[in-house]
Number of protein chains: 2
Amino acid sequence: MSIREELQTMAKRAKKAARIMAAAGTAAKNLALQNMAQTIESRQAEILKANGEDLAAARQAGISGALLDRLTLNGTRIREMVKGLREMIELPDPIGEVEMERVRPNGLRVGRMRVPLGVLGMVYEARPNVTADAAGLCIKSGNAVILRGGSEAIRSCRAIGQCVTEAVQAAGLPSEAVQVVETTDRQAVTELITLDGLIDCVIPRGGRAFLQWVARTATVPVIRHGDGNCHVYIDSPVDMEMAVKIAVNSKVQRPGVCNAAETLLVHAEVAPRILPVLLSRFSEAGVELRGCQRTREIYPAAQPAKEDDWMTEYLDMILAVRVVENMTAAMDHIAQYGSGHSEAIVTSDYMHAERWLREVDASSVLVNASTRFTDGGQFGLGAEIGISTQKLHARGPMGIRELTTTKFIVRGQGQIRE
Amino acid sequence: MSIREELQTMAKRAKKAARIMAAAGTAAKNLALQNMAQTIESRQAEILKANGEDLAAARQAGISGALLDRLTLNGTRIREMVKGLREMIELPDPIGEVEMERVRPNGLRVGRMRVPLGVLGMVYEARPNVTADAAGLCIKSGNAVILRGGSEAIRSCRAIGQCVTEAVQAAGLPSEAVQVVETTDRQAVTELITLDGLIDCVIPRGGRAFLQWVARTATVPVIRHGDGNCHVYIDSPVDMEMAVKIAVNSKVQRPGVCNAAETLLVHAEVAPRILPVLLSRFSEAGVELRGCQRTREIYPAAQPAKEDDWMTEYLDMILAVRVVENMTAAMDHIAQYGSGHSEAIVTSDYMHAERWLREVDASSVLVNASTRFTDGGQFGLGAEIGISTQKLHARGPMGIRELTTTKFIVRGQGQIRE
């Protein structure tokens with residue numbers, strides 16, 4: 001069987017399973033989650049053994065550092081996976097909810113019922129725990145899913161996938177609702193993202209080049225997870241202490257993630273007072289600073305920023321700093337260089353806060369809060385499958401609800417159109 | 001300037017205009033709609049003259065029948081266009097609404113604000129009135145739009161576009177919020193649907209081959225408008241009179257549109273009683289019937305249906321008829337052959353009605369009502385920009401709300417992440 005035929009067969013099975021999943025009740029889906037948690041817990045040794053093999057192969061291939069860390073499972077990480085699945089049980093099940101129902105003049109009742117998307121394709125990197133998270137979210141939202149983890153994590157994903165499949169089946173749901181692609185051939189991804197009519201939506205996660213390749217290649221709808229070139233803008237008037245606290249937290253608390261700040265913008269009126277304090281604080285924390293000319297006049301220790309710096313998602317202990325004339329100039333900077341992820345203002349001005357919320361175009365806009373809050377858990381959505389930076393369908397952290405769609409339902413009493 | 005450069009220039013202007021449109025108030029947007037209606041009304045002679053030139057060119061090119069009819073403007077059609085624009089003024093403006101706001105344990109207020117999509121690309125066929133409809137919907141929803149009508153309608157679209165642009169400007173909004181592509185070169189469409197980062201969403205309308213080409217070629221997100229292979233299923237038990245009325249209306253009231261029924265499914269228990277009456281009624285109305293074997297045993301005048309008939313959107317006075325064992329068999333038929341547009345059941349059984357609404361996977365599912373109701377106006381959405389058969393973002397008739405997205409807004413008081 002060719003890889004295309006193999007993927008087609010999986011997708012056809014998934015489509016059949018999706019019809020059953022769509023009609024499944026909350027109790028059955030929660031039982032599947034409960035079973036998943038239990039099975040992963042009880043087969044921990046088996047999963048860790050598979051992960052050990054992945055790690056050995058990765059080391060042999062010269063993989064190290066952050067990538068090796070992301071690939072690594074241990075008791076704590078498995079406990080987190082299991083905890084995540086148990087928490088999904090508590091989340092509300094949106095399937096079947098009817099929204100915006102209204103009665104038309106002719107007596108027709110027209111509403112929108114929330115339903116699953118159908119068959120999802122998840123393509124992700126080396127983190128094996130995504131297999132359990134994604135499977136759990138897809139099951140709770142009534143979808144079927146085909147999972148394709150990074151090839152470095154293939155043995156770990158297979159072991160976790162095995163647990164999940166059995167758990168789903170033990171809950172009386174179709175085992176084909178969760179399938180793991182077992183080949184490491186990259187062609188499997190190409191096939192998956194071009195199975196029109198069989199896959200309803202692909203959610204890719206990974207680096208910029210990979211995501212761009214998916215956008216170009218896919219013929220099925222894709223939910224894009226883009227870069228996080230996030231900004232903190234310190235306005236005038238402002239509470240200096242709050243501004244320092246939020247700017248430092250946005251950059252330093254976890255610099256390697258997409259909601260960390262990459263550029264600091266500061267109103268020219270407050271820059272001379274706030275920058276000496278704030279930028280020393282950054283330097284002490286080990287952050288390399290790259291400033292515009294006005295920044296360097298105030299704080300000469302900063303390196304000069306180049307045009308490229310305004311566009312870069314460092315994901316590292318580096319911060320670009322720019323002094324701007326006013327809030328409008330800050331908003332123009334963000335419109336030009338931002339990636340539409342998370343944009344925070346620190347301000348004491350009511351009108352500025354409202355204008356920021358209304359006009360800045362990003363998945364998440366924040367007033368007087370750290371950019372690091374852009375997260376499904378922090379926003380109260382429960383577990384998240386990723387953070388969308390596209391505008392269609394889902395924008396910002398994606399939870400269970402974002403894995404669903406609606407259909408119009410019409411209740412008539414014999415109406416016909418005149 | 002090459003076509004690509006031309007489209008890029010238009011898109012960059014649109015992007016700039018989109019920022020202003022996003023912040024525009026309802027009053028300014030309504031004034032633009034009012035101006036559009038007035039300008040089109042007062043320049044009717046000019047528009048009809050341009051349309052006359054399009055019609056002459058079309059006739060010379062051998063175009064006739066339905067296509068020529070769709071291309072034709074006259075006093076009545078212009079009055080309808082103007083009326084449509086005036087009705088949009090009355091529709092609620094969703095921009096700025098905040099939904100699902102909640103307070104997190106740390107005091108952050110997290111909500112979702114409804115915002116425009118940004119820059120839209122509309123690619124459509126020969127109907128010049130779409131230029132006014134689409135421009136109106138895009139303005140009301142705070143978007144900028146680039147319109148590309150069918151090349152046969154180029155002079156009409158340009159004339160209407162000219163009115164629209166002036167009307168928008170006279171309302172104090174940027175004239176670049178509505179731009180009409182003036183070249184008839186097909187390459188302009190290719191460029192438009194590949195302007196990543198400049199165009200937020202493309203809405204193509206047209207035939208199946210064209211839509212498939214767009215899906216394959218586009219790199220910007222697309223909202224697909226698919227086929228309408230719609231079904232009416234007559235269940236058992238059923239009110240015979242209601243079943244006849246709904247089946248006939250679904251097929252005959254306007255057979256050339258996407259929400260007309262193409263296949264009739266009938267429960268085996270009621271088929272012997274209902275088919276003789278119903279199918280004679282269809283024959284009298286001039287509908288050609290293509291039946292399964294059991295249908296032909298009951299009503300021998302029907303032609304034999306082939307496998308292809310179950311898949312065909314006739315858009316014509318032809319109906320496929322199949323007798324099915326029960327509702328599950330009807331649902332299986334629809335899952336196999338349906339295009340996910342509109343699926344109606346006629347039934348007296350409460351449990352069947354509820355199961356139909358829950359389990360049939362289509363943009364619109366109807367109980368005891370004609371499929372012909374799937375329409376933005378009939379559903380109470382106001383004007384529609386089309387009917388989406390995809391699942392992401394918008395499904396079913398698309399009104400103003402479907403031309404918007406949300407962003408997370410976070411109101412803090414200095415919160416940082418621990």
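Student: In which sense do strand S9 and strand S11 of chain A pair?

Tutor: Parallel: S9 (residues 288-291) and S11 (residues 318-324) of chain A are joined over four bridges. Strands here are DSSP runs of E, at least two residues, and helices are runs of H or I, at least four, numbered from the N terminus. Two strands pair if DSSP finds at least two bridges between them. This is a predicted model: local features need pLDDT of at least 70, side-chain atom pairs count only at pLDDT 80 or more, and totals for chains, interfaces and linings use all residues. Residues are numbered from 1 along each chain as its sequence is written, and chains are lettered from A and ligands numbered from 1 in the order written.

Student: Which residue is the bridge partner of Glu288(A) in S11(A)?

Tutor: Ile318(A).

Student: What's the order of the open sheet?

Tutor: S10(A)-S9(A)-S11(A)-S8(A)-S7(A)-S12(A)-S13(A)-S16(B)-S2(B)-S1(B), 10 strands with mixed pairing. S10 (303-304) of chain A and S1 (98-103) of chain B are the edges; each has a single partner strand, so one side of each lacks a neighbour in the sheet.

Student: New topic. Is Met122(A) buried or exposed?

Tutor: Buried, because 26 other C-beta atoms lie within 10 Å. The cut-offs: 20 or more is buried, 12 or fewer exposed, in between partly exposed, with C-beta atoms placed from the backbone.

Student: Where is Met122(A) found?

Tutor: In strand S3 (residues 119-123) of chain A.

Student: And how far is Met122(A) from Leu265(A)?

Tutor: Their C-alpha atoms are separated by 36 Å, at 143 residues apart along the chain.

Student: What are the model's scores?

Tutor: ipTM 0.93 and pTM 0.92.
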